[in-house]
Amino acid sequence: MLFKPQCYKIADVKGKPFIDAAEIEDIIQHTPSPDIKRVRDIISRSLDCQRLSMQETAELMAANSPDTIKEIMSAAKELKRKVYGNRIVLFAPLYIGNNCINNCSYCGFRSSNKLAIRRTLSDSEIVREVEALEDAGHKRLILVYGEHPSYDAEYIAHTVRITYGVKHGNGEIRRVNINAAPFDVEGFRTVKNAGIGTYQIFQETYHPELYKTFHPSGRKSDYSYRLTAFDRAMEAGIDDVGLGVLLGLGDWRFELLALIRHTNHLEACYGVGPHTISFPRIQNASSLNRKTITAVSDDDFIRMVAILRLAVPYTGLILTAREPAKLRDSLIEYGVSQIDAGTHLEIGGYSAATTEQNIHKEQFQLSDERSLCEMTDKLIASGHIPSFCTACYRKGRTGEHFMEFSTKGFIKRFCTPNALLTFAEYLEDYAAPETKLEGWLMINAEVEQIDDDDRRKDIASRLSRIKSGERDLLY
């Protein structure tokens, strides 16, 4: 049974918003550092796959002794393995257009940036980009759009359908997520009918006053309209959503607690929390004034990821290529479940095989430029299964159904087999010979560890069928 706090749609009868900055700041200010026993009590709830409250999360943030921090990190690692096994889901972002009416001060695409080089992909260019991504081995994409009148719900639905329709060799995109400006309810219904997977949007900062500072003009300057985007999405029938904050605009502790509050809100009002949470740190962007940025150190960032993993056990955590390769590799152990790989942010960059970043053509600068094949090699070497799985979405295990499985820890039963099956497809169709050899050794070892004879035989049979040329054998 999910813990369901009081539901505030936008505000309750007393006018209290579900994001209360004063409440969050008070919790941060007045939460003392807990002793080791209290930390263990909180961790035990998390390891039982119960979502933590804002107060419990704040106590973990306030823990500052080496022993308590060590226990938090160890618990995050244990929980990650318990819920998600050793798989890592791989995806790529595809920027469709960077025209934008907003003037977000941290973004290279902001309307006032005269150095930004604007471009929108044509339909044929979208096809070429998707073909290039399929040729690399990708099965999951997130389409990204600036906020502009020409990128309305109908246009976005059109580009989603184009993406799904591209079949190149054995390649196909099986899940198309979108990161786009918020819609009204009808707009959300339009993109839902196009078959999107997750709808992702970043609040950027949940602090209302900071939000005003960093979003001086454009539609995005309306804090409340953006904050309630997921409410309208849920009302339109989209039950698979992804929250996000941009670290560096303010206190990371405030943003973390606000993410927990937003999660509470969605669970209370709609019975389902976010499928994913993203938390990138600001990187260099065209004409960015770095004096406005509140830097988040690597140590704080690592702690934040571990605490977030414990706070929302069932939610996928996305770590993007904004972060350095070494840091990404280490954070996979402590809670991250999804990463992008082989990422190009320049519009048209995949088919052009762009090798050098041009910051005036991109939203921000990447730190990890490894290709998909380099990333799969790294994951194999570290004992992680590269997963291209899209089964839950296509089998209807989303929303409350996903929560039912994942909050009980049963999602691993589905995720590991589908990770192995989709990884096998990648090895057969796209991997270099050495990667293929190492990958199949990993797959065979994983199959041997399945303790249910019937399941083990079923998965082994499906893997043999993949070797024989069959594809898309959902589990």
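The model described here is predicted. Helix α12 is mostly covered, with ten of its 14 residues buried. The buried positions of α12 comprise Phe-301 and the residues Arg-303, Met-304, Val-305, Ala-306, Ile-307, Leu-308, Arg-309, Leu-310 and Ala-311.

Confidence in the protein chain averages a pLDDT of 92, and 93% of the residues score at least 70. Over residues 1-5, by contrast, pLDDT stays under 50; for this segment the model has eleven contacts beyond four places in sequence.

Within helix α11 (residues 252-270) lies His-262. The relative accessible area of His-262 is 1%, so the residue is classed as buried. When neighbours within four places in sequence are left aside, His-262 is in contact with Phe-18, Ile-19, Tyr-206, Leu-227, Phe-230 and Leu-243.

The cysteines were examined for disulfides, for which a pair of sulfur atoms must lie within 2.5 Å. The count comes to zero. For Cys-100, the closest cysteine sulfur belongs to Cys-104 and is 6.1 Å away, which is too far for a bond. The closest cysteine sulfur to that of Cys-104 is in Cys-107, at 6.0 Å, and this distance is likewise too far for a bond. Cys-100 is buried, with a relative accessible area of 17%, and Cys-104 also counts as buried, at 5% relative accessibility.

How values were computed:
Residues numbered from 1 in each chain as written. Predicted model: local features only at pLDDT ≥ 70, side-chain atom pairs only at ≥ 80, totals over all residues. Heavy atoms only, no water. pLDDT = per-residue confidence, 0-100. Contact = heavy atoms within 4.5 Å. Buried < 20%, exposed > 50% of the residue type's maximum accessible area, 1.4 Å probe, protein only. Helix = DSSP H or I, 4+ residues; strand = E, 2+ residues; numbered from the N terminus.
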